[in-house]
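Work through these exercises with the structure open beside you. Try each task before you read its solution.

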Amino acid sequence: MHQISAFGDSPLQRISLHENLAEAVAAFSLPDILGFGSVFAPAMFRADYRDGGWQCGQFQPYGPISIDPGAKVLHYAQEAFEGQKAYRVGEQPTALFRPSMNWRRLNASAARLCLPPLPESLFLDGVFGVTALNQAFIPRSSGQSLYLRPFLFGTESNLGMAASREVSFMVIASPSQAYHAGSMSLLIERGESRVAGGGIGAAKVGGNYACALQSAARCAELGYDLTLWLDPRQRRTIEELSGMNFFAVVDGRLLTPVLTDSILAGITRDSVIRLARSAGLEVEETSIAIDELLGWIDAGRCSECFACGTAAIVAPIRELGEADGTRYALPQAEGEITALLREELLDIQEGRAADPFGWMVPLPAEYQALADAHQ
């Protein structure tokens, strides 16, 4: 195996393919019902870091991996991940949405957990190559996509409290529908915190999501869909949902919580802000006090709320509620601005509209050649 500095210019030169991969791809077929994240495409990617450098990657059949019981990830949660999508709706060519932003955010998360930086070329080899090899299984209907999950994790077997010197980078893919269909009912979480101030809330790491599971269970028991988290210090201002950013329309202005060290900087969030401003909407990134927002809803000043994220795209919110059953309904299950922004974003992602921002990146020909050469 060669270090990354020895990689060739073509994916065919720097990546190997497992001998059983073509057979696995040929044997796979899409089920009638996809759901979200429950069906896994047959090709995945893996590259390992050891001896101070990244090794050449390999595309493999999707399946279980072997890991030492003493691996750092199992004991100290040293892992980070991303979520992104490849689209191929109707007869449109396959394209990925803002992949370089995912690479930058993954490296920011990796730095927070003392994982080695991932070269952009290796990241793109993984996401483009997995997309190409699984291209036949990208669902073609609007709202569907190939959901890509790149992730890094520490594999060194050592229980000492130190960063792992051995790391794996993998990319798996799931043909999926949108994460949440229809409008949502949110439980205002006034007791627990998703993260701590000064912690890892701004990183996309598994521990942040594990902390949200207890509140998610309580949401289901109380008849809500998802949790709305407040700031970890005072439980006063709105932060985000467990996996989405939050927006509210107040007096015709689009408000969203200003980013802090306990809020994940969503790529869809950034896209929605840019779309809204290009449409002439006033957008304000600001601190939003939960009790003030509830007062605006009661007074009719808040006309709509929505959440956004890679998995959910843009999802309308129909009500906010408390653990005691008090509920604050929005005037409409899906407001006019929510619908407009969702439609404009999907039209760009699915190729029905021009892409003035340059967000969509077509699958490069060399990765298609890689897939064609091994089918």
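## Exercise 1: A covered helix

The buried residues of helix α5 are Leu122, Phe123, Leu124, Asp125, Gly126, Val127, Phe128, Gly129, Val130, Thr131, Ala132 and Leu133. This is a predicted model.

**Task.** How many residues of α5 are buried, and how far does the helix reach from its first C-alpha to its last?

**Solution.** 
- Step 1. Take the range: α5 covers residues 120–133, which is 14 residues.
- Step 2. Check burial: 12 of the 14 residues are buried, so α5 is mostly covered.
- Step 3. Check the span: α5 reaches 20 Å from first C-alpha to last, close to the 20 Å expected at 1.5 Å a residue.

## Exercise 2: A strand and its partners

**Task.** Which strands are joined to β16 by bridges, and is β16 largely enclosed or open?

**Solution.** 
- Step 1. Start with β13, residues 245–250. It is joined to β16 by 6 bridges, and the two run antiparallel.
- Step 2. Move to β17, residues 313–321. 5 bridges join β16 to β17, again antiparallel. Here Gly309 has Ile313 as its bridge partner in β17.
- Step 3. Look at the connection. β16 and β17 form a hairpin, with 3 residues between them.
- Step 4. Judge the burial. 7 of the 8 residues of β16 (residues 302–309) are buried, so the strand is largely enclosed by the rest of the structure.

## Exercise 3: Salt bridges

**Task.** Where do the partners of the Arg105 and Glu82 salt bridge lie, and are they buried or exposed?

**Solution.** 
- Step 1. Find the contact. The side chains of Arg105 and Glu82 meet at 2.8 Å, N to O.
- Step 2. Arg105 lies in helix α4 (residues 99–112), and Glu82 in the loop between β5 (79–81) and β6 (84–87), so the pair ties together parts that are 23 residues apart in sequence.
- Step 3. Apply the cut-off for buried, under 20% relative accessible area. Arg105 has 12% relative accessibility, so it counts as buried. Glu82 has 0%, so it is buried too.

**Task.** How exposed are Asp261 and Arg233?

**Solution.** 
- Step 1. Find the contact. The side chains of Asp261 and Arg233 form a salt bridge at 3.9 Å, N to O.
- Step 2. Asp261 sits in the loop between β14 (253–257) and α8 (267–278). Arg233 sits in the loop between β11 (226–230) and β12 (238–241). The two are 28 residues apart.
- Step 3. Read the accessibility. Asp261 is partly exposed at 33%. Arg233 is exposed at 60%.

**Solution.** 
- Step 1. Find the contact. Arg46 and Asp48 meet in a salt bridge at 3.0 Å, N to O.
- Step 2. Classify each partner. Arg46, at 18%, counts as buried. Asp48, at 23%, is partly exposed.
- Step 3. Widen the view. The structure holds 17 salt bridges. Glu189, Glu192 and Arg218 are linked in a network of them.

## Exercise 4: Cysteines

**Solution.** 
- Step 1. Count the disulfides: the structure holds 0.
- Step 2. Check the distance. The closest cysteine sulfur to that of Cys114 is in Cys211, 18 Å away, which is too far for a bond.
- Step 3. Cys114 is exposed, with a relative accessible area of 51%. Cys56 is buried, at 13%.

Terms used
Residues numbered from 1 in each chain as written. Predicted model: local features only at pLDDT ≥ 70, side-chain atom pairs only at ≥ 80, totals over all residues. Heavy atoms only, no water. Buried < 20%, exposed > 50% of the residue type's maximum accessible area, 1.4 Å probe, protein only. Helix = DSSP H or I, 4+ residues; strand = E, 2+ residues; numbered from the N terminus. Pairing = 2+ DSSP bridges. Expected span 1.5 Å × (residues − 1). Salt bridge = Lys/Arg side-chain N within 4 Å of Asp/Glu carboxyl O. Disulfide = S-S within 2.5 Å.
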